[in-house]
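Reader: Can you walk me through a few local features of this model? Keep it short.
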Amino acid sequence: MIAAGSFPLVSVITPTYNHERYIGLCIQSLQAQTYPHWEMVLIDDGSSDLTGTIAEEVAAGDGRIRVLRQANTGIFRLAETYNRALAVARGKYIAVLEGDDTWEAHKLELQVRAMEAQPDAAMCWGQAFNTGNDDGKVIRSYPAIDSPDARWYMNDPAGSIFQVFLFRNPIPALTMLIRREALEKTGGFRQSCGLPLVDLPTLYELAFQGKFIFIPQPLGTWRSYPTQITKIHTAAMWEGCRCLAMQYLHHPGVAAAVGKEITPSQLTAYYNRMLVIGYSRSGRYKLIRKEFASARKDYLRSLLHYGWVEPVWKLRSLTGLFFSLFRLDVEGLARFLGKKAYR
């Protein structure tokens, strides 16, 4: 347990929208923490289901939970929601727990101890489990400890994690515990390049504030399902990541950290591949949701743009285009071929 007399308050920010199936489990995982000195600032972004009602019922019995309701602002104004919560949060540390995620019971205890021991660290993070919609089956733990990227996970010296950030984000948002002082120096939570998320733009700035502490074990679980935001806006996320990486490639802090090792042509080649894959995956998620016309647009973009790269994915896009034209079930084909069904 944390040493007696060392009980900094952790403010947990929980944005939620139409998570009535998950919000109870989310809050329960916070209440089960072995570290008890926390508050939750939960913001319901105009849910059309019972998310807000369920949260208020739980909060009525736990004074550490505050529920704020607002008219729906949407995912592309998510930074406004996060910063509204930050403005009323009182903690020394800021954690993120979205309404469809859960934490392991020891998560906060491990992280507070680590952060208190290293006052020069801007943030602490760790691995997370990824599961399917409701079955609870673990698909993977992320990120891999044995990845070549792991040498940069501690961001020591500050800025060195851009060796990874310019290409991908290894940090599961639900594992972040941020030193409030460092977050406020960056101007709070950030959102740019049309990204439907705040974690990566915020992390880009936090990387200059100090080293990170990486805990090499799962600290929580996030779900994957076809109607979640990251699946609805798959292509927009890759477009935004490319925009962000190109903006920061010549940032003085990034240039000092990575030197001339990463060039614009390398980034362009990488993101061309990722966009072929991203639009193909986006098309498939849209087929699952029976958004056939929109799926066709994504498949065509995957096929006709970004050069002749990722030929296997272009073939998948061609197959998806055929299925979208005739309104067929591509998941049935995937199961028949013994492939992973996205549903």
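Predicted model: local features only at pLDDT ≥ 70, side-chain atom pairs only at ≥ 80, totals over all residues.

Reader: At what angle do α12 and α13 pack?
Author: About 155°, with the axes 9 Å apart. Axes are lines fitted to C-alpha atoms, for helices over the stretch in contact, and angles run from 0 to 180 degrees between N-to-C directions. Helix α12 covers residues 292-304 and helix α13 covers residues 311-325. Helices are DSSP runs (H or I, at least four residues) and so are strands (E, at least two), numbered from the N terminus.

Reader: Roughly parallel or roughly antiparallel?
Author: α12 and α13 are roughly antiparallel, a label for angles over 145 degrees.

Reader: Which residues meet there?
Author: Among them, Phe292, Tyr299 and Leu303 in α12, and Trp313, Leu318 and Leu321 in α13. Contact means heavy atoms within 4.5 Å. By class, the contact of α12 with α13 has 10 nonpolar, 4 polar and 3 charged residues. Ala, Val, Leu, Ile, Met, Phe, Trp, Tyr, Cys and Pro count as nonpolar, Asp, Glu, Lys and Arg as charged, and the others, Gly among them, as polar.

Reader: What about the loop between α12 and α13?
Author: Glu310 is found there. Its phi is near 50°, a positive value in a residue other than glycine. Glu310 is partly exposed, at 22% relative accessible area. Buried means under 20%, exposed over 50%, partly exposed in between (1.4 Å probe, protein chains only).

Reader: New topic. Is Glu109 buried or exposed?
Author: Glu109 counts as buried because its relative accessibility is 9%. This residue is found in helix α4.

Reader: What does the side chain of Glu109 make a polar contact with?
Author: The side chain of Thr34, at 2.5 Å. A polar contact is a pair of N or O atoms within 3.5 Å; within protein, one must be able to donate a hydrogen and the other to accept it, and residues adjacent in sequence count only if both atoms are side-chain atoms.

Reader: Which peptide bonds are cis?
Author: Tyr142 to Pro143 is cis, with omega near -5°. Asp156 to Pro157 is cis too, with omega near 10°. Pro143 is in the loop between β7 and α5, and Pro157 has its place in the loop between β7 and α5.

Terms used. Residues numbered from 1 in each chain as written. Heavy atoms only, no water. Parallel < 35°, antiparallel > 145°, perpendicular 65-115°, else oblique.
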